[in-house]
Amino acid sequence: MPRQQLSRSDKGQSQSTNRPNRPNRTSSSGSGSGSGNSGAKKKKTKKITGKRVFWTLFAVTALGIFCALAGYLFIMVSGEKIYQANINKLAVTEPTKVYDRNGTLILQRSIRTGDPVKYEEIPKEVIEAFVATEDRRFFDHQGVDLWSIGRAAVRDVVARSAVEGGSTITQQLAKNVFLTNDKTFFRKATEVSIALAIERNMTKDEIITTYLNRIYFGSGAYGIKEASETYFGVSDLSKLKTWQIATLAGLPKAPSRYSPQSNPELSQERRAVVLQLMQQQGYITAADEKEAEEVTYNYKSPESKSAKYQAFIDYAMQEAEDATGLSADDLNRGGYNIYTTMDSKAQQTLEDAFKNDDLFENSPDDVKVQGSMVIVNNDTGGLVALLGGRDYVSGNFSRVTSHRQPGSAFKPIITYAPALQSGNYHSNSMLSNEKQCFGTYCPNNLHGGYSNTISMTAAMEDSVNIPAVWLLNQIGIDTGINYAKSVGFDLTGDDRNLAIALGGLSKGTNTLEMAQAYRVFADGGNYTAAYAVKSITDSTGDEVYKNSAKSIEVLDKQATDEMTQMLQNVVQNGTGKRAQINRPVAGKTGTTQHGISGLSSSANRDIWFAGYTKEWTAAVWMGYDKPDRTHLLKDGSGRAAALFAAVMGPALEGYPVQNFDTAAVPPPVVEEPEEEEPVTPSAVTGLSASFDQDSQSVALAWNPVEGASSYTVYRKESGATEFSVISSGGAEPVASDGAVTAGQTYDYYVTATTADGAQSDASNTVQIAIDQAETEPPPTENPDGVVPPEGETPTPPTGEETPGTDTNPGTDNGTGGTGDTGTNTGPTDGSTNNGGTTTPDNSQNGTDGSGTTDGTTTTPGTTTPGTTTPPAGTGDTGTNSTDNTTTTPPAT
């Protein structure tokens, strides 16, 4: 009888009740086979038992412990061997050498260690300050502080990189003497092993003494005694005060950054941290902390005998640190060879010029007018020379990278360059010059001087404000900002407003950034970040660093050629006359007014000149570090232009004179309204010319043209091949040319322009010969072409800047300057005209001019409120509103 098939539950039940009938379990071949396979699978699963897992984990753990012990023993033995083999490194080895661009040795980096001090000579408070700051458990651990390492490990994990070392004083000593500055696990493990070896071989007193004698404190000073003498002139450590001790204790973390000489504010902040740690750990009282925290550092180091080229070398050494990752200590004691881009002749010329007091405005007291200048090679982008202050010594504060407002010197960068690059505008494009507001922002032109339109060239030459703002509004603020960023300026959202067209920056700029940006115009539109270090080799000659500066095209050649042509006009005929030297120069001046509330004065806060020759580009800044009512500049930016000439002229002697490339300027671009086509005006007729012997000027007259809003006068003198614009924007059918010379012949023609920008054909051409008079008074230069009524002072039609006579370019003679003092027209209430804008530090940016308003007396180059003094030259002046209020630019 066949066996009945059982269900899965029945099988279970049958097996539990009939276990003696075991042979029956395999009598059925079909079902038995399935049961057998199921049983086999269950046996495989049972192989992963708890016992198996236990023994596996035990084996792995044992192996890990064995490896850890082996690694520990290796580190211990390795650290001991390294310590014993390199114990002589406790003495500083061969110094690093620095070379100029020709490979000539200019400095063997000095390593000043001073006399080592004994433990007994170190005041207790000095040791307490360093222990509190660098290693509060120094006297408790055996070279490694596990708590600090754990804290550092957590922060490294959070940051996903090695950002904190957690090093003890012993580890710092091991690292500074035996190891490089990289942050890797292997280097950290080696550092730990050496630290443990040091602890086994030296006492705590010996370790802290060696540390204080060996650690680097910046400015070439090694050891606590040398640092004390360098920063405070104190050689006896027992005479150090608490605030001085705290300042020194704050230096090892970042010697350059926290130097009281170069960064006094950051140094004081770091000192406050050290004092707080000392107070928290019971070394000083709260009263001691407060007293020491409030002391201002004012120690003046004696001038170093080896200060030659020091400003450039300091900059190059910092760049080498940043580029290689090596610390200042590594570079100083590593025997490296650093090859720089410095031109020794140019650097020496620059240093000599900064020592010449005649090139700087006199101060009313012993606080000097300061300056900064940077020169860049147009071919390579390498730094030729730089200096960040007068009487500079190593470690001093450098104004090369400190930020100030650039004024009108920023117009070519933020407005005109991106406009030319767009292809919609050219140097002869007509720009709006009407008095107008842009939203709630209402800039002004100095002395009025408004017209319907003005050419870009004329607007640049006379530094007129309205066209610069109008043009930036036309191309878009973002277009201007994006270009400025592409040439190295770090602009923020706070800069996104039209005030930036007049140089109103939230953070300002510096001579390094300005030189980099203007160099683009000289190099055909290519931007290269300026650099000072070409390459570095180690003591064996192996190259460890090579500069790989990349050049990026940001402007096309047409745009840079047109820009250079306009900037040449600024130097030849406009505000930059005093920058003229024996070769072609292109450049732009800039000025910011004082911005001090309640002060009615034309005095300036900052003056600038940025310009270039075919070979080099340079930027110059002058001003007081802390401007106030007493410390302001009476001179305009012509003085900065004169300093440019005083340095660039001699420094370029021996170089062949090179001319700039000539721009092929397209026909004028006429701004046409979309709703209707402009009507071209009729050509001017009836042009006539006559020479007035009394005023020594040519008087021009013509028939008015219906619909014309302004006229442009062109002139060509004998020997010239092309006509040039001498007057633009005048609304009357008359003009005057006072810039004529006896014995010369001049040709003139005139065009008319309508309000919508349409320009007529040329008028008839007239020619006039200027006869040589028997007795001729000195001619009065009035290049803007307005002949005033008899007895009145001539005022240029634009009112922006008065290009004056500059008989001695590149020099400065007396108050107001020679050939660069602008004309100031003060309102009758004594307030100051200002068409600029208010910067974050309340300085005023805008049109360039110069002069002094004191309200009581008038001297050459100064203006009494309500009166106008004939100009002695040309300068750079900002603008204020006529009601003596300051207009703050809104965000756009």
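Which residues of α8 are buried? I began with this question and found Lys 204, Ile 207, Ile 208, Thr 209, Thr 210, Tyr 211, Leu 212 and Arg 214, where buried means under 20% relative accessible area, exposed over 50%, and partly exposed in between (1.4 Å probe, protein chains only). Because eight of the eleven residues of this helix (residues 204-214) are buried, I noted α8 as largely enclosed by the rest of the structure.

**Basis of the entries.** I am reading a predicted model, in which local features need pLDDT of at least 70 and side-chain atom pairs count only at pLDDT 80 or more, while totals for chains, interfaces and linings use all residues. Residues are numbered from 1 along each chain as its sequence is written, and side-chain values use heavy atoms, with hydrogens and water left out. Helices (H or I, at least four residues) and strands (E, at least two) are DSSP runs, numbered from the N terminus.

**The sheet.** I looked up the strand order and found an open sheet of five strands, β2-β1-β3-β9-β10, with mixed pairing; two strands pair if DSSP finds at least two bridges between them. β2 (105-108) and β10 (543-546) stand at the edges with a single partner strand each, so one side of each has no neighbour in the sheet. Direction ignored, neighbouring strands of this sheet are turned by 15° against each other on average.

Within the sheet I followed β1 (residues 97-99), which runs parallel to β3 (residues 337-340) and is joined to that strand by three bridges; Tyr 99 stands opposite Tyr 339 in β3. Helix α13 (residues 310-324) lies across β1, β2, β3, β9 (533-537) and β10, and runs at about 65° to β9; contact here means heavy atoms within 4.5 Å, and axes are lines fitted to C-alpha atoms, for helices over the stretch in contact, with angles from 0 to 180 degrees between N-to-C directions.

**Salt bridges.** Taking a side-chain nitrogen of Lys or Arg within 4 Å of a carboxyl oxygen of Asp or Glu as a salt bridge, I have a count of 16. One of them joins Asp 625 and Arg 399 at 2.7 Å, N to O. Asp 625 sits in the loop between β14 (616-623) and α22 (638-651), and Arg 399 in the loop between β5 (383-387) and α16 (411-422), 226 residues apart. Asp 625 is partly exposed at 38% relative accessibility, whereas Arg 399 is buried at 9%.

I then traced a network of salt bridges that links Lys 557, Asp 561, Lys 614 and Asp 661. Lys 557 and Asp 561 pair at 2.9 Å between the closest N and O atoms, and both lie in helix α21 (residues 557-573), four residues apart, about one turn of the helix. Asp 661 and Lys 614 pair at 3.7 Å; Asp 661 lies in the loop between α22 and β15 (688-692) and Lys 614 in the loop between β13 (604-612) and β14, so this pair ties together parts 47 residues apart in sequence.

Where does α22 meet α15? Helix α15 (residues 344-354) packs against α22 at an angle of about 145°, with the axes 9 Å apart. The contact is made by Lys 345, Ala 346, Thr 349, Leu 350, Ala 353 and Phe 354 of α15 and by Leu 643, Ala 646, Val 647, Pro 650 and Ala 651 of α22.
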